[in-house]
Each structure stands twice: as C-alpha cells, then as structure tokens.
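Me: I have a model open and want to go through a few residues. Can you take questions as they come?
Reply: Go ahead.

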Amino acid sequence: MCSQTKAAALMANIARADIDPSGVFKYVLIRVHSREVGDDSEIDIVRGYGWAEFHADIYDKVSEELEKGGHLDCECVGGGRIQHDPQDKKIHVYGYSIGFGRANHAVTTEQLKAQYPDYEVTWDNEGY
C-alpha cells in the first residue's frame, strides 16, 4: 500500500528549477509546502524569467498555478537575479529582491546545478 500523500506526489513532479534559456533576469526562490494534515514535506524551487517586471510577478504566477488544487501552499523565501549564458555554459546568481529580500543563493545554485549539471554555476551577494 502506498502511503504517499497527494501533495507529496505533486511535489515529486515539480521541476526544481525553471529559468529562461538566456539573458539576465529576476528570479525567486519559492518554498512549496504540503497543506495536508500530518504531511510536513516541502521543497525549494527556483523560477526566473525575463518577462517579469517585478519579482512578485513571478511568485504570483507560479504560486497561483501550484496552489490550484488545494494540496500545496507556497511561500517566497527571497529573490535576486540570474545571468544565464548558454553559449559558455555559465549561470551566475546574485542580487536581491526589494519586496522579498535576498534569497539564499547557495540553495538556488544547488537547484540550478542539478538542472544544469554541465554548467559552471556561481553566486555572490553583490549587486542588485
């Protein structure tokens, strides 16, 4: 018998990192929690897109999608910027979000390294 909750099953299928294929853009680090009683599972996901004028634009869109079924709850734990250079296979994470504060870039880079194993992924707390 499988005792995995609906929320845990949903989280297992969420991409840990989803960013634009190239450029410099804002990103947010989102903690996704289960809403189900007795299930304390959670994951951190990275979302970064050039279309976003504000960090909140990304968070609002992603959290609305993930919270739809009522099994998941989202919390933005910070933001920053990503510089993605696919030609040189480099990703650099830096900066902060005025609205959400600075994300833990070390967590962000770990998610990105898993998604882009052949890239050089770096971070620092400099810049905006």
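Me: Start with Tyr-96. Is Tyr-96 buried or partly exposed?
Reply: Tyr-96 is partly exposed, because its relative accessibility is 30%. Bear in mind that this is a predicted model.

Me: Where is the place of Tyr-96?
Reply: Tyr-96 sits in the loop between E5 and H3.

Me: And which residues make the nonpolar surface patch?
Reply: Tyr-96, Ile-98 and Tyr-128 make that patch, with an area of about 310 Å².

Me: Next topic, annotations. Which residue does UniProt list for "active site"?
Reply: UniProt lists His-55 under that heading, in an unreviewed entry.

Me: Where is His-55 found?
Reply: His-55 is in helix H2, which covers residues 55-67.

Me: Is His-55 buried or exposed?
Reply: His-55 is buried, because its relative accessible area is 5% and the cut-off for buried is under 20%.

Me: What is His-55 in contact with, leaving aside neighbours within four places in sequence?
Reply: Lys-26, Tyr-27 and Val-28 are on the list, along with Gly-79 and Gly-80, and then Tyr-96, Ser-97 and Phe-100. Tyr-96 from the patch is therefore among the contacts of His-55, where contact means heavy atoms within 4.5 Å.

Me: What does Lys-26 have in contact, sequence neighbours within four places aside?
Reply: The contacts include Arg-47, Gly-48 and Tyr-49, then Ala-52, Glu-53 and Phe-54. His-55 and Ile-58 are also in contact with Lys-26, as are Gly-80, Arg-81 and Tyr-128. Tyr-128 is one of the residues of the nonpolar patch.

Me: Strands now. In what sense do E2 and E3 pair, parallel or antiparallel?
Reply: E2 and E3 pair in the antiparallel sense, over 8 bridges. Within that pairing, Ile-30 stands opposite Ile-45 in E3.

Me: How many bridges join E1 to E3?
Reply: 3 bridges join them, and the two strands run parallel. E1 consists of residues 17-19, and Ile-19 stands opposite Gly-48 in E3.

Me: How many residues of E3 are buried?
Reply: E3 is mostly covered, with 7 of its 8 residues buried. Glu-42, at one end of strand E3 (residues 42-49), counts as partly exposed because its relative accessibility is 44%.

Me: Glu-42 then. Which side chain does Glu-42 meet in a salt bridge?
Reply: That of Arg-31, with 3.8 Å from N to O. The pair links distant parts of the chain, since Glu-42 is in strand E3 and Arg-31 in strand E2 (residues 23-34), 11 residues apart.

Me: What is the relative accessible area of Arg-31?
Reply: The value for Arg-31 is 24%, so Arg-31 is partly exposed.

Me: Which residues do salt bridges that share partners join into one network?
Reply: Arg-31, Glu-42 and Asp-44 are joined into one network.

Me: How many salt bridges does the count come to?
Reply: The count comes to 5 salt bridges. One of them is between Asp-118 and Lys-89, with the closest N and O atoms 2.7 Å apart.

Me: Where are Asp-118 and Lys-89?
Reply: Asp-118 is in the loop between helix H3 (105-115) and strand E6 (120-123), while Lys-89 is in the loop between strand E4 (72-85) and strand E5 (90-94). They are 29 residues apart, so the pair links distant parts of the chain. Asp-118 is partly exposed because its relative accessibility is 48%, and Lys-89 is partly exposed because its relative accessible area is 37%.

Me: Which residue does Glu-110 form a salt bridge with?
Reply: Lys-113, the closest N and O atoms being 3.7 Å apart. Both residues lie in helix H3, 3 residues apart, about one turn of the helix.

Me: Last one, Lys-90. What is Lys-90 in contact with, leaving out neighbours within four places in sequence?
Reply: Lys-90 is in contact with Gln-83, His-84 and Asp-85, and also with Tyr-119 and Glu-120. Lys-90 is found in strand E5, and counts as partly exposed because its relative accessibility is 40%.

Key
Residues numbered from 1 in each chain as written. Predicted model: local features only at pLDDT ≥ 70, side-chain atom pairs only at ≥ 80, totals over all residues. Heavy atoms only, no water. Salt bridge = Lys/Arg side-chain N within 4 Å of Asp/Glu carboxyl O. Helix = DSSP H or I, 4+ residues; strand = E, 2+ residues; numbered from the N terminus. Buried < 20%, exposed > 50% of the residue type's maximum accessible area, 1.4 Å probe, protein only. UniProt positions renumbered as here; feature names shortened; annotations may be inferred. Patch = residues over 30% accessible without salt bridge, like charges linked within 9 Å, V, L, I, M, F, W, Y side chains within 5 Å. Areas by Shrake-Rupley, 256 points an atom, 1.4 Å probe, with all protein chains shown as cover. Pairing = 2+ DSSP bridges.
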